[in-house]
Amino acid sequence: MYDIGRSKRATKAFSFDDIAIVPSRRTRGIDQVNLGWKIDAVTFDFPIIAAPMDSVMSPATAIEMGRLGGLGVLNLEGLWTRYEDPSSIFEELASISDPFEATGRMQEVYAEPIKGELITERMNQIRAAGVPVAGSLSPQNTKEFADVVEKSGMDFFVVRGTTVSAEHVSDAAEPLNLKKFIYDLEVPVIVGGCATYQTSLHLMRAGAAGVLVGFGGGASHATRDVLGIEVPMASALADVAEARRDYMDESGGRYVHVIADGSVGRSGDIAKAIACGADAVMVGSPLARATEAPGQGWHWGAEAWHETLPRGERVRFAPIGTLEEVMLGPSRIADGTMNLVGALRRAMASTGYTEVKEFQRIDVVIS
């Protein structure tokens, strides 16, 4: 513990930039590395999830992500469920460079109500392509569209917000009873963000199949600047991984997946996230660099269009390649933003690990 003046004490926390992975085994060939990840009854070729952000996930890119071997999650309160065809809106937003004008216009276009029939239509479109189907809502909208979610036949449902707890108290409206919702819904539910041992343990006890650790990504929101909220990811993941282990003992063996959702902008961050205990990672900004990304080089999170307190930073990226090249290579750039899967495979091979679960036990140092 550290003293901050006379009345406040704090612990030291570490980000991915503060740590490094330590090779401690014989090296292996990359052909021996298995990146397969299984959650519930679905197996994926690699442990990477595309974040439910309008700038990176459309029905088409979600399908492509599934075809490549990962999981694409569609934002069910984004433009794709507010408009029959939002293509012209994406074109308009891409043409606006002034940040004040862009925020105002996003507040206008996202004021259009979410339509339940479009949620069903988008999920059916992805399912028809023969890939896993996943959609995301914030806790505020989950209860309203619970019936639509249940009837849409998703493989996974994601409840994602800036901070999510198992018990939300409000005088304005009846809060979502997360435990009852998860119990009644016959679909595995992934919930987050959270960043502490206790909060994640509560979400696990509520029945979550996976918990999202983090607050949704550093490149596209400014929660720290506006709300003062931030938890360095290396420490957050290590704490939640400990909660997962304790919950396994408490529940008699039920395993809850830990998914890093924040500050995962490069392939090295993916390796460090798993080294700190993550089973998988949720990425946004690397995919915003794909030529197929709906944002056309612009990247923004759900906080960016808040009607009264926008706190998202709309970021500009230069397209670097197709979604397949970003995920599977080949890479033409040496900064860790292309061939994410190949880089994780190389990191594991170079340190002597062949399974993702084993890689969670690798040594790390404070750098």
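User: What should I know about the model before we start?
Analyst: This is a predicted model, in which local features need pLDDT of at least 70 and side-chain atom pairs count only at pLDDT 80 or more, while totals for chains, interfaces and linings use all residues. Residues are numbered from 1 along each chain as its sequence is written, and side-chain values use heavy atoms, with hydrogens and water left out.

User: At what angle do H8 and H10 pack?
Analyst: Helix H8 (residues 197-205) packs against helix H10 (residues 233-251) at an angle of about 40 degrees, and their axes are 9 Å apart. That makes H8 oblique to H10. Helices (H or I, at least four residues) and strands (E, at least two) are DSSP runs, numbered from the N terminus. Axes are lines fitted to C-alpha atoms, for helices over the stretch in contact, and angles run from 0 to 180 degrees between N-to-C directions. Angles under 35 degrees count as roughly parallel, over 145 as roughly antiparallel, 65 to 115 as roughly perpendicular and the rest as oblique.

User: Is the crossing of H8 and H10 left-handed or right-handed?
Analyst: The crossing of H8 and H10 is right-handed. A crossing is right-handed if the near helix is turned clockwise from the far one by less than a right angle, and left-handed if anticlockwise.

User: Which residues in H8 and H10 meet?
Analyst: On the H8 side they are Tyr-197, Ser-200, Leu-201, Met-204 and Arg-205, and they meet Asp-239, Val-240, Glu-242, Ala-243, Arg-244, Asp-246, Tyr-247 and Glu-250 in H10. The residues of this contact divide into six nonpolar, one polar and six charged. Contact means heavy atoms within 4.5 Å. Ala, Val, Leu, Ile, Met, Phe, Trp, Tyr, Cys and Pro count as nonpolar, Asp, Glu, Lys and Arg as charged, and the others, Gly among them, as polar.

User: And how do H1 and H4 pack?
Analyst: H1 and helix H4 (residues 116-128) pack at an angle of about 30 degrees, with 9 Å between their axes. The crossing of H1 and H4 is right-handed. Pro-59, Ala-62 and Ile-63 of H1 make the contact with Arg-122, Gln-125 and Ile-126 of H4. By type, the residues of the contact of H1 with H4 are four nonpolar, one polar and one charged.

User: Changing topic: how many salt bridges are there in the whole structure?
Analyst: A search of the whole structure finds 15 salt bridges. A salt bridge is a side-chain nitrogen of Lys or Arg within 4 Å of a carboxyl oxygen of Asp or Glu. One of them joins the side chains of Asp-335 and Arg-266 (3.4 Å, N to O). This pair links distant parts of the chain, 69 residues apart: Asp-335 is in the loop between helix H13 (323-328) and helix H14 (340-351), and Arg-266 is in the loop between strand S13 (257-260) and helix H11 (267-275).

User: How accessible are Asp-335 and Arg-266?
Analyst: Asp-335 is partly exposed at 30% relative accessibility, and Arg-266 is partly exposed at 37%. Buried means under 20% relative accessible area, exposed over 50%, and partly exposed in between (1.4 Å probe, protein chains only).

User: Which residue forms a salt bridge with Asp-279?
Analyst: Lys-357 does, and the closest N and O atoms are 3.4 Å apart. Asp-279 lies in the loop between H11 and strand S14 (280-283) and Lys-357 in helix H15 (residues 356-359), so the pair ties together parts that are 78 residues apart in sequence. Asp-279 is buried, with a relative accessible area of 2%, whereas Lys-357 is partly exposed at 39%.

User: What about Glu-325 and Arg-332?
Analyst: Glu-325 and Arg-332 form a salt bridge, with the closest N and O atoms 3.1 Å apart. Glu-325 counts as buried at 19% relative accessibility, while Arg-332 is exposed at 56%.

User: Which residues are linked in a network of salt bridges?
Analyst: Glu-64, Arg-67 and Glu-324 are linked in such a network.

User: Last topic: is Ser-58 buried or exposed?
Analyst: Ser-58 is buried, at a relative accessible area of 6%. Ser-58 lies in the loop between strand S6 (48-50) and helix H1 (59-68). Not counting residues up to four places away in sequence, Ser-58 touches Leu-74, Trp-80 and Pro-294.

User: And where is Thr-308?
Analyst: Thr-308 lies in the loop between strand S15 (298-299) and strand S16 (315-316). At 64% relative accessibility, Thr-308 counts as exposed.
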